[in-house]
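Subject: Handover of a structure and its findings

Dear colleague,

Please find the structure below, followed by an account of what was found in it. Kindly read the account with the structure open beside you.

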Amino acid sequence: MKITKIECIPVSLKFAKPVVMSGGAEAASHVVVVKIHTDEGITGISETGGTSPWYMGESQDSIMHNINKVYGPGILLGEDPFNIEKIVARMDKAAKGNNQSKAVIDYALHDIMGKALGVPVYKLLGGLVNEKIPLAFVMSSGTAEAVGAEGKALVKAGFKGLKLKVGARTPDEDIEMIGALREAVGNKVKVMIDANGGWLYHQALYVLKKVARYDIFVAEQPMPWWDIDGLARLRRKVDVPIFPDESAVELNDLIKIIEREAADGFFLKVPKAGGILKSQKWVAIAQAANLPVMCGCMIDSGLGAAVEAHFLAATEWMGKIEQEAIGPLNLYNIPDTVTTPLKNDLAVKVPRYEKGFLYPPSGPGFGVELNEKAIRRFATPGKSPTVLGK
């Protein structure tokens, strides 16, 4: 089997409700959908999830450039799609960083493999170990009153964990908001916070000391990504577990963080790590240090959610803690996909989210099909699809 053609399609998906975080308000996911065609008629389908220059350092344009000018001509066309290890290694050598553009290729290759062999991707990754994945819901920053009301509704919908975006307001307003969420949901629900690196050291120290009384389960990336020593210093002074996210991108980042005792766990995004293959290695390093890993998303559609569902279902270590792979739920501001079936998503059939759990699709590959009508409907204005090869 050989790769014969690669399509890149820029798509923009407007959020039903903007997500406010320390980096600003996100109102849409600007996505690249990728199709990798083969000479045996099997096509791998994938999406990047939302692109975010301030978080990932990549955009629709940079991703399409990398695929069309760097990976496609010299690495992908004519190659056997089963050679994922070889392809990923060559992409890493060809481009520093740019992991989201590498990840979307990795996804499509796994989809081809699963379809060619007639099995779900989770069987390629080790088999089904987490049959349903417990979830935490990621909540936008907002007023104390609004956050409390939303928290109550989400707990009623079945979520046992809630993560609140912080850092967009003043430290004291964040403290008030966190307290309101804890009061609204009671003591049995895990409350987490994520500053996306938005606090300076003294602000993080101030807030985390104040909110420790609210039994915060995780504080994700309280300080800028580059300050690993600061994370270690902060961790020694507060009673809230610290989970680096933006600081933990490449495999060697984890080694440095572990050596400096700067983490109580890690936060993974599969596109941040560079795809499924590299995410497996990423999690293995954390597991070797006996540190739990939470997995989020780039607010993706059902196409991206299927990728995360298969990865989480096949990775035993990821069953130790709630996960945050809830792209379609954040995208459409819904608690599940059962009471509110989705008909206009990029996937014809979105993976099942129900009562606070995610269930992996069982069909060949990722088990989802591309909604061609939605692709045309949500095409990014002013940008055109590209085709490489024949």
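**Salt bridges**

Glutamate 354 and arginine 352 form a salt bridge, with their closest N and O atoms 2.5 Å apart; a salt bridge is a side-chain nitrogen of Lys or Arg within 4 Å of a carboxyl oxygen of Asp or Glu. Glutamate 354 is partly exposed, at 22% relative accessibility, and arginine 352 is partly exposed at 37%. Here buried means under 20% relative accessible area, exposed means over 50%, and partly exposed lies in between (1.4 Å probe, protein chains only). Salt bridges that share partners also join Lys163, Lys165, Asp194, Glu220 and Glu324 into one network.

Please note that this is a predicted model, in which local features need pLDDT of at least 70 and side-chain atom pairs count only at pLDDT 80 or more, while totals for chains, interfaces and linings use all residues. Residues are numbered from 1 along each chain as its sequence is written, and side-chain values use heavy atoms, with hydrogens and water left out.

The structure holds 20 salt bridges. One of them joins the side chains of glutamate 85 and lysine 281, at 2.9 Å from N to O. Glutamate 85 belongs to helix 2 (residues 84–94) and lysine 281 to helix 11 (residues 276–288), so this pair ties together parts that are 196 residues apart in sequence. Helices (H or I, at least four residues) and strands (E, at least two) are DSSP runs, numbered from the N terminus.

A further salt bridge, also listed at 2.9 Å from N to O, links the side chains of lysine 190 and glutamate 322. Lysine 190 lies in strand 7 (residues 190–194) and glutamate 322 in the loop between helix 12 (302–314) and helix 13 (327–332), so parts 132 residues apart in sequence are tied together. Is glutamate 322 buried or exposed? At 11% relative accessibility, glutamate 322 counts as buried, whereas lysine 190 is partly exposed at 27%.

An open sheet of 5 strands has the order 5-6-7-8-9, with parallel pairing; two strands pair if DSSP finds at least two bridges between them. Strand 5 (136–139) and strand 9 (242–243) are the edge strands, each pairing on one side only. Strand 5 runs parallel to strand 6 (residues 161–165), and 4 bridges join them. Within this pair, methionine 139 stands opposite leucine 164.

**The nonpolar cores**

A nonpolar core is a set of buried Ala, Val, Leu, Ile, Met, Phe, Trp, Tyr and Cys residues joined through side-chain atoms within 4.5 Å. The largest has 97 residues, and those with the most contacts inside it are Leu162, Leu208, Leu234, Phe266 and Val293. Helix 12 supplies the largest share of this core, 9 residues. Apart from it lies another core, of 27 residues, including Ile75 and Leu109.

Which residues does leucine 208 touch, not counting those up to four places away in sequence? Among them are Ile193, Trp199, Leu234 and Ile242, where contact means heavy atoms within 4.5 Å.

**Helix 8**

The buried residues of helix 8 (residues 228–237) are Ile228, Gly230, Leu231, Ala232 and Leu234. These buried residues pack against helix 7 (201–211), strand 9 and helix 9 (251–259).

Yours sincerely
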